[in-house]
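Me: Hi! Could you walk me through this one? I'd like to start with how the charged side chains pair up.

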Amino acid sequence: MTHVIKTDQLTKTYNTFKAVDNLNISVDKGEIFGLLGPNGAGKTTTVSMLCTILKPSSGTATVDGYNVVKESGKVRKSIGIVFQDPSIDDRLTGRENLLMHANLYGVPASIQRERILQVLKLVELEDRADDLLRTYSGGMRRRLEIGRGLIHQPKVLFLDEPTVGLDPQTRDHIWRYIKELKEVNDITVVLTTHYMDEADRLSDRIAIMDHGKIVVLDSPQDLKGTLEGDVIAIKSNDNKILEELLTKWLGFANQHHAKEILEVTVPNGKAAMPRIVELANQNNIYIESIVLCEPNLEDVFLHYTGGNIRDDTAKELHGLSAIHRRAIR
């Protein structure tokens, strides 16, 4: 597999603070690579170095085979960027924004018209091409920004929080579009996000960063598989007796109470649920509710970055883990 991005001990230091600490990652051609982590984890600094916006303090990185310091001009021609904050001129039309970007990136004048039409069709904005950006919705602007990043046909597209602030329906549309973009254009995508569901749905592999380091890196499915198992949340008329029975007869020792909920962690929750119900019935215990909570990326994040998420990022995780939310109810 060809590595489109590769870093070796990549580090960025501000005085004595290491924003990125000896980072070693490789991104394969054609994959969507997710960088997940709280504010201050080092995601944006990493992307800024890969995009040649910041120079590394030490270490090396290559993008599309070019060194980000020694061959920065070639790197810039190889990449497209969609920034987290809006960076598009709302006094211009959609077509004018794309034309300006095509000129900035040196797209030959002879093919600019054709390329702009291709991008407008790709992002489904053909009918709004000559409308001012100030008349576009948030989702339309985001699609145009993604299209603008593709006008020069880059090998790598960097998406920094591509759906932040958008409504759920628009986010879902952008997600489907990014997936199709990768499949149709064989482009490599580097995605930074705070949204766990976004990272899970889009990424082929995910690197969870914290304090400038990669804490863990794997596919979403394998990351979820590293946790202890499924959690079965049970509410019954006697959780204390049920807990004793589950330990004695089924060997389920990994249990704890959260308010009125008994949480049981087991390797295979689907197989265990009927056995729990049967044991409860045999002992005249009435189960009011039983819910299987399979691990998700939020649980993985909490597991690898620690239970106490830093205060400045807690509200940006967009909700508690599924297990904790159900336990609170």
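Reply: Happy to! A salt bridge here is a side-chain nitrogen of Lys or Arg within 4 Å of a carboxyl oxygen of Asp or Glu. Keep in mind that this is a predicted model, where local features need pLDDT of at least 70 and side-chain atom pairs count only at pLDDT 80 or more, while totals for chains, interfaces and linings use all residues. Residues are numbered from 1 along each chain as its sequence is written, and side-chain values use heavy atoms, with hydrogens and water left out.

Me: Great. How many salt bridges does the structure hold?
Reply: There are 14 salt bridges.

Me: Which side chain meets Asp172 in a salt bridge at 2.6 Å?
Reply: That is Arg201, with the 2.6 Å taken from N to O. The pair links distant parts of the chain, since Asp172 sits in helix α6 and Arg201 in helix α7 (residues 196-202), 29 residues apart. Helices are DSSP runs of H or I with at least four residues, strands are E runs of at least two, and both are numbered from the N terminus.

Me: And what about Arg176?
Reply: Arg176 also forms a salt bridge with Asp172, at 3.4 Å from N to O. Both residues lie in helix α6 (residues 168-185), four residues apart, which is about one turn of the helix.

Me: Are those side chains buried or exposed?
Reply: In between: Asp172 is partly exposed with 26% relative accessible area, Arg176 is partly exposed with 39%, and Arg201 is partly exposed with 36%. The cut-offs are under 20% relative accessible area for buried and over 50% for exposed, with partly exposed in between (1.4 Å probe, protein chains only).

Me: What does Lys182 pair with?
Reply: Lys182 forms a salt bridge with Asp204, the closest N and O atoms being 3.0 Å apart. Asp204 lies in the loop between α7 and β10 and Lys182 in helix α6, so the pair ties together parts that are 22 residues apart in sequence. Lys182 counts as buried at 18% relative accessibility, whereas Asp204 is partly exposed at 28%.

Me: Which residues are linked in a network of salt bridges?
Reply: Lys18, Asp21 and Lys213 are.

Me: Switching to sheets. What is the strand order in the sheet of six?
Reply: This open sheet runs β7-β8-β9-β4-β10-β11, with mixed pairing. Two strands pair if DSSP finds at least two bridges between them. The edge strands are β7 (79-82) and β11 (213-218), each pairing on one side only.

Me: How do β8 and β9 pair?
Reply: β8 (residues 156-160) and β9 (residues 188-193) pair in the parallel sense over five bridges. Leu157 has Val189 of β9 as its bridge partner. Helix α1 (residues 43-50) packs on this sheet, touching β4 (32-36), β8, β9 and β10 (205-210), and its direction makes about 135 degrees with that of β4. Contact means heavy atoms within 4.5 Å; axes are lines fitted to C-alpha atoms, for helices over the stretch in contact, and angles run from 0 to 180 degrees between N-to-C directions.

Me: And what is the order in the sheet of four strands?
Reply: That open sheet goes β13-β14-β12-β15, with antiparallel pairing. β13 (255-258) and β15 (287-293) stand at the edges with a single partner strand each, so one side of each is left without a neighbour in the sheet.

Me: How many bridges join β13 to β14?
Reply: Four, and the two strands run antiparallel, β14 covering residues 261-266. Gln255 stands opposite Val264 in β14.
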